[in-house]
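Keep the structure in view while reading the points below.

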Amino acid sequence: LRIMIAGVRRILEPKRAQAIMILKTKLPEARALRAALVRMDDAVLKKEDLARLLQVLPFDEEAAAIEQAVADGAALEPPTQLQYELMKVPAVRPRTKVWEYMALFRDKQARLRPRIDVVRNAIRQVQRSTALPVALGLVLSLGNYLNGGHERRGQADGFKIDVLPKLQNFRDNENKLSLVDWMVAQCKAAAAKQSDHELARVLRLHEELKLVFQAAKIDLREIENDVKALQRELKSYQELAVGVLQAPRPRVRDADGDASGSNDDGSDDDDGADPFRERVTPFFERGGQVCKQLDDTFEATHKEFVALRAYLQLPSGTTCQQALEVLAEFAGAIRQATVKVIRRQPPSQGPSKVGNMDELISDLRAGKRSKLAEQRKMIAAAHVNDADQKKLTLGQNMLKKTNTGNTLLRTSGARGGRGRGGTMRGRGG
């Protein structure tokens with residue numbers, strides 16, 4: 001590191017020296033830098049300036065070589081001279097690192113808190129939703145329809161939540177209408193007739209779960225890791241700050257070279273205030289409180305998710321993000337189907353008027369299978385001019401399915417509780 005050229009001792013590698021000279025052009029001159037470091041003047045040194053300054057400050061090996069060169073009376077190169085001027089501030093590197101962290105901490109905790117709040121409020125939206133239980137009950141009933149001839153699957157008390165995104169794969173014989181489309185069409189018809197206010201609630205599912213779409217992109221485990229990392233960082237920098245406070249107190253020198261105190265080594269033996277001590281002590285006190293609040297909020301959010309997992313009877317290994325992703329996809333599918341039905345449905349005729357789907361469901365549930373032929377003739381005789389109307393006639397398609405030997409419909413109420421192994425199967429499932 002030490003090379004003498006024409007009385008000037010070269011300590012830094014050429015690339016390192018060049019980098020410092022480039023950074024120097026973006027920083028105040030040496031005395032103004034020293035004054036700003038001692039006073040912790042945010043107006044002079046902003047967060048990005050502190051990052052640049054850390055790249056300029058000498059490392060331990062460089063500092064030792066510079067001190068030796070000064071002791072030998074050797075001249076220093078301009079980049080090394082800048083480093084030497086900054087070394088006059090005691091514990092300059094840890095002081096700068098602590099100051100920079102104080103600025104970064106505000107940003108880090110400011111990013112963490114909204115993410116926790118979004119997840120927590122999304123969980124509460126799921127728990128308070130009145131549309132979700134109705135929608136899940138409707139899915140259960142339709143699942144028992146499709147598996148009505150099975151001794152076990154047609155009598156399910158519940159179903160696994162991961163079946164919800166697969167409902168889009170249940171298509172009619174023409175592959176134009178999904179089970180979600182039919183569900184929404186029936187709910188829309190019920191809302192238009194004001195005949196079933198419970199079903200009409202399903203159309204509001206995406207409104208009741210607004211935050212779920214955003215929270216589904218957030219991993220609660222990552223938040224936990226970030227909170228713990230912030231706590232560790234705060235403790236580490238607090239220990240670094242203690243070392244700075246134990247170092248000699250720097251004298252305050254402004255850009256013009258005035259100073260309070262008279263020691264040439266950069267220390268200050270007067271009883272004046274220490275800006276570093278005045279700022280870092282309350283900072284770490286508040287930082288500890290912030291970390292505790294974040295940790296408490298996270299723990300409360302995690303407990304609310306555990307309660308939600310029990311409410312939905314999900315497996316213990318299900319993560320918060322997995323559960324919210326499924327619900328977001330289901331609510332999004334209902335929203336898309338709602339828009340599709342509104343665009344395609346003729347204003348004068350609801351989807352259940354063609355094929356008398358509601359009556360057919362009621363008759364089959366009551367065991368009146370003798371009416372199947374009559375219903376089949378009614379559907380065959382229906383004259384539908386609008387091609388889009390055919391897409392909403394799931395009753396006709398389901399009747400075709402009965403001709404192939406598949407048991408069609410069997411409705412059960414939307415009962416809660418854990419299922420007896422019942423699953424939902426369909427053409428695309």
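The crossing of helices H7 and H8 is right-handed. Ala 135, Leu 138, Val 139, Leu 142 and Leu 146 of H7 make the contact with Leu 179, Trp 182, Met 183 and Cys 187 of H8. The model is a predicted one.

**Helices H7 and H8**

- Helix H7 covers residues 131-146 and helix H8 covers residues 179-193; their axes lie 12 Å apart and the angle between them is about 120 degrees.
- Angles of 65 to 115 degrees count as roughly perpendicular and those over 145 as roughly antiparallel.
- H7 and H8 are therefore oblique to each other.
- Sorted by type, the residues in the contact of H7 with H8 are nine nonpolar, no polar and no charged.

**Helices H2 and H6**

- Helix H2 (residues 30-39) and helix H6 (residues 92-128) have axes that come within 10 Å and cross at roughly 60 degrees.
- The crossing of H2 and H6 is left-handed.
- On the H2 side, the contact is made by Ala 36, Leu 37 and Val 38.
- On the H6 side, Val 92, Arg 95, Thr 96 and Trp 99 take part.
- The residues of this contact between H2 and H6 comprise five nonpolar, one polar and one charged.

**The two sides of helix H1**

- Which residues of helix H1 (residues 14-24) are buried? They are Arg 16, Ala 17, Ile 20 and Leu 23.
- Looking down the axis of H1, these buried residues fall within an arc of 125 degrees, so they line one face of the helix.
- Pro 14, Lys 15 and Gln 18 are exposed, on the other side of H1.
- Among the elements that cover the buried residues of H1 are helix H3 (47-56), helix H4 (60-71) and helix H5 (78-87).

**The protein as a whole**

- How many helices and strands does the protein have? Its secondary structure comes to 18 helices and five strands.
- The protein has 429 residues, and 45% of them are buried.
- Consider the contacts in the protein with a separation of 6 or more: 78% of these are between residues 24 or more positions apart.

Notes: Residues are numbered from 1 along each chain as its sequence is written. This is a predicted model: local features need pLDDT of at least 70, side-chain atom pairs count only at pLDDT 80 or more; totals for chains, interfaces and linings use all residues. Side-chain values use heavy atoms; hydrogens and water are left out. Axes are lines fitted to C-alpha atoms, for helices over the stretch in contact, and angles run from 0 to 180 degrees between N-to-C directions. Helices (H or I, at least four residues) and strands (E, at least two) are DSSP runs, numbered from the N terminus. A crossing is left-handed if the near helix is turned anticlockwise from the far one by less than a right angle, and right-handed if clockwise. Contact means heavy atoms within 4.5 Å. Ala, Val, Leu, Ile, Met, Phe, Trp, Tyr, Cys and Pro count as nonpolar, Asp, Glu, Lys and Arg as charged, and the others, Gly among them, as polar. Angles under 35 degrees count as roughly parallel, over 145 as roughly antiparallel, 65 to 115 as roughly perpendicular and the rest as oblique. Buried means under 20% relative accessible area, exposed over 50%, partly exposed in between (1.4 Å probe, protein chains only). The arc is that of the directions from the helix axis to the C-beta atoms.
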